Amino acid sequence: MTWLLQVVDLHKRYGPGCPACAELTGPRQGRSQCPRCGTVHACVAANFSLQAGEVLGIVGESGSGKSTLLQMVNLSLPADQGQILYQPPESGAAVDLCQMNGYSARHFRNDRLGIVHQRPELGLNMHFSVGGNVAEKLLLAEWRHVGRIRARTSELMRQTELPPERIDDEPHTFSGGMLQRVQIAKALASRPSLLLLDEVTSGLDLSVQARVLDLIRRIQWEEQITMLLVSHDLGVIRQLARRTIVMKNGQIVESGLTDQIMEDPQHPYTQLLVSSAL
Amino acid sequence: MQQTNEQLYNFGLLDEDAKREIRRSLLKAVAIPGHQIPFASRDLPIARGWGTGGLQITLAIITPEDCLKVIDQGDDAGVNAVNLRRLITQTTGVATTVDSCAASLIQTRHRIPEEPLRADQILVLQVPMVDPLRWVEPNLERATVMHGEADYGRMWVYMYESVVRAGDLRIASQYPVMVNGRYMMDTTPIPRWDVPRLDMAETLFLFGAGREKRIYAVPPHTPVVPLQFEDYPFRTEYQAGQRCVRCGAEQTFLTSHFVPDGAGAGQWVTSCSDSSFCDKRLASAEVQP
Ligand SMILES: Nc1ncnc2c1ncn2[C@@H]1O[C@H](COP(=O)(O)OP(=O)(O)O)[C@@H](O)[C@H]1O
Ligand SMILES: [Mg+2]
Ligand SMILES: [Zn+2]
Ligand SMILES: [Zn+2]
């Protein structure tokens, strides 16, 4: 199987660090913040690869470093150390995304990545119309024909089960579940090769959550798009992800097939997660 | 009086250090077309809204050999133009003209003269608002980062929304352009009529904003392209059949004014905004009004 993304020894900390950090932080110590210097080690030596077309889950409690990891893959947060290798589906030559300058990183992000945030206001501009928000990715890809932009935006709205006649409405007139669909429509606009989903259903009512998850599953099925799915909820992860990474206090403590993790969790923390998800 | 002023002030009012600093910023601005360069804007004995940014540029580059033209709203006789002209001549003693072709240095607000400018002329524009990104990013520091990375997606959404809301790219002035394919620049306060005349021009255009302390430039032969869509192209204010009531010109930027008939009524008429150009045409034999 060909890989799309390979994360190698990726690190991110918030703070200066001190010689005692390594000993005082991590899953065994049960914290990511060093009591000596106050530095948060949000992501320590992360290694994993992502196969083309698969959905990989990242699960862990709040503060375990999931969003930090996702933001680094989204090239919106610079890593302190490590590599994020990307192998374009159309050719073999892998590139290290961490080495890109701001300009090419933004280009890459717009072209190849799509992201959906937990809070819609992080992913959408509330001053623009829903259509304008979805169109942003097309405009960045140098679409310069309003008619064609609106046709494509309407198509994306239909695909994400949004009423296309509301293309010019403002985001604040949409419900929470609909705003997540708008974010998904925007993320898909450039036909990205990787979709990043950060707690997209947290904060939604259970029935709304189920419908958004159905939509993501359907899109994955139809487009065969590679996804990195972050959630604190193993119940969400197990519905979509074939493989899962378990994070705790900034480190990966377990990874494998989701079914296997559910059946036979190895790490005590994973056992805890599984028993509370059942 | 003239005599006394010349002794009281340094040539061009500003001290030599201030002039050198402005010239350094101008050099940078010319080297990176459309890129906003910060400069230490000085306080001058005129109100800020009257264009201290443009005035400081003019005072920093003017030489005793220059022939100066000052316009406001296309008019050499506007209050602002008269005041600025007086200040500059009193502190430099340079010759002045209303003839766009005779001037070596033109300080202006709102307009580029109708007659094509040459390579040996410099046009200085006083700018009230510098950054086109202010519509989508009020924080100046963040806007600077966006310019640095050519991060103009949000501005394009703004243009898209203008079309959707108004059915057209109806932005009267303040029209955004891409300069040399790299930097987005505001064309405030010139009308859309003048925007195409920045493109691949013979002349050096210098822009100064006193309040926002920024300088930028469009050097000769620089591509300047308005933001537009294939199905909603950029348009000037030109209207089919338009005509100046004074000189009969059909291809100029017109302004309208109300002409009272003395009996409490009157009518709106349109004439060239560039008053000296209009006068010149009137004076020439070819024109039969
Ligand atoms: N900008 C920041 N400055 C300092 N600490 C941060 C910052 N962002 C996140 N953190 C800390 O990093 C850790 C990981 O955060 P995050 O990646 O958001 O976790 P998760 O998404 O798993 O909840 C947390 O302890 C959080 O407080
Ligand atoms: Mg998070
Ligand atoms: Zn420490
Ligand atoms: Zn006229």
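## Zinc site in chain B

The donors of the zinc ion (ligand 4) are spaced C-x2-C-x24-C-x5-C along the chain. This is a predicted model. The protein donors are the SG atoms of Cys244(B), Cys247(B), Cys272(B) and Cys278(B), lying 2.3 Å from the zinc ion.

The four donor atoms subtend angles of 103 to 119 degrees around the zinc ion (ligand 4), so the arrangement is tetrahedral. The ideal angle for four tetrahedral donors is 109.5 degrees.

## Shell around ligand 1

Ligand 1 is surrounded by residues of chain A, including Tyr14(A), Val40(A), Ala42(A) and Glu61(A). The run from Ser62(A) through Gly63(A), Ser64(A), Gly65(A), Lys66(A) and Ser67(A) to Thr68(A) also belongs to the surroundings of ligand 1.

Strand 2 (40-51) and helix 2 (66-73) of chain A each supply at least two residues of this shell. Helix 2 gives the most, with three residues. By type, the shell divides into three nonpolar, six polar and two charged residues.

## Polar contacts and cover

A polar side-chain atom of Tyr14(A) lies 3.4 Å from a nitrogen atom of ligand 1. Backbone N or O atoms face oxygen atoms of the ligand: one of Ser64(A) at 3.2 Å, and one of Gly65(A) at 3.0 Å. The protein covers 59% of the 560 Å² of accessible area that ligand 1 has on its own.

Methods. Residues are numbered from 1 along each chain as its sequence is written. Chains are lettered from A and ligands numbered from 1 in the order in which they are written. This is a predicted model: local features need pLDDT of at least 70, side-chain atom pairs count only at pLDDT 80 or more; totals for chains, interfaces and linings use all residues. Side-chain values use heavy atoms; hydrogens and water are left out. A residue is near a molecule or strand if one of its heavy atoms lies within 4 Å of it. A polar contact is a pair of N or O atoms within 3.5 Å; within protein, one must be able to donate a hydrogen and the other to accept it, and residues adjacent in sequence count only if both atoms are side-chain atoms. Accessible areas come from the Shrake-Rupley method with a 1.4 Å probe; for residues, only the protein chains shown count as cover. Helices (H or I, at least four residues) and strands (E, at least two) are DSSP runs, numbered from the N terminus. Ala, Val, Leu, Ile, Met, Phe, Trp, Tyr, Cys and Pro count as nonpolar, Asp, Glu, Lys and Arg as charged, and the others, Gly among them, as polar. Donors are N, O and S atoms within 2.8 Å of the metal (3.2 Å for Na, K and Ca); water is not among the atoms, so sites may look incomplete. Four donors count as tetrahedral if all angles lie between 85 and 135 degrees; four count as square planar and six as octahedral if opposite donors are over 155 degrees apart and all others between 65 and 115; anything else is irregular.
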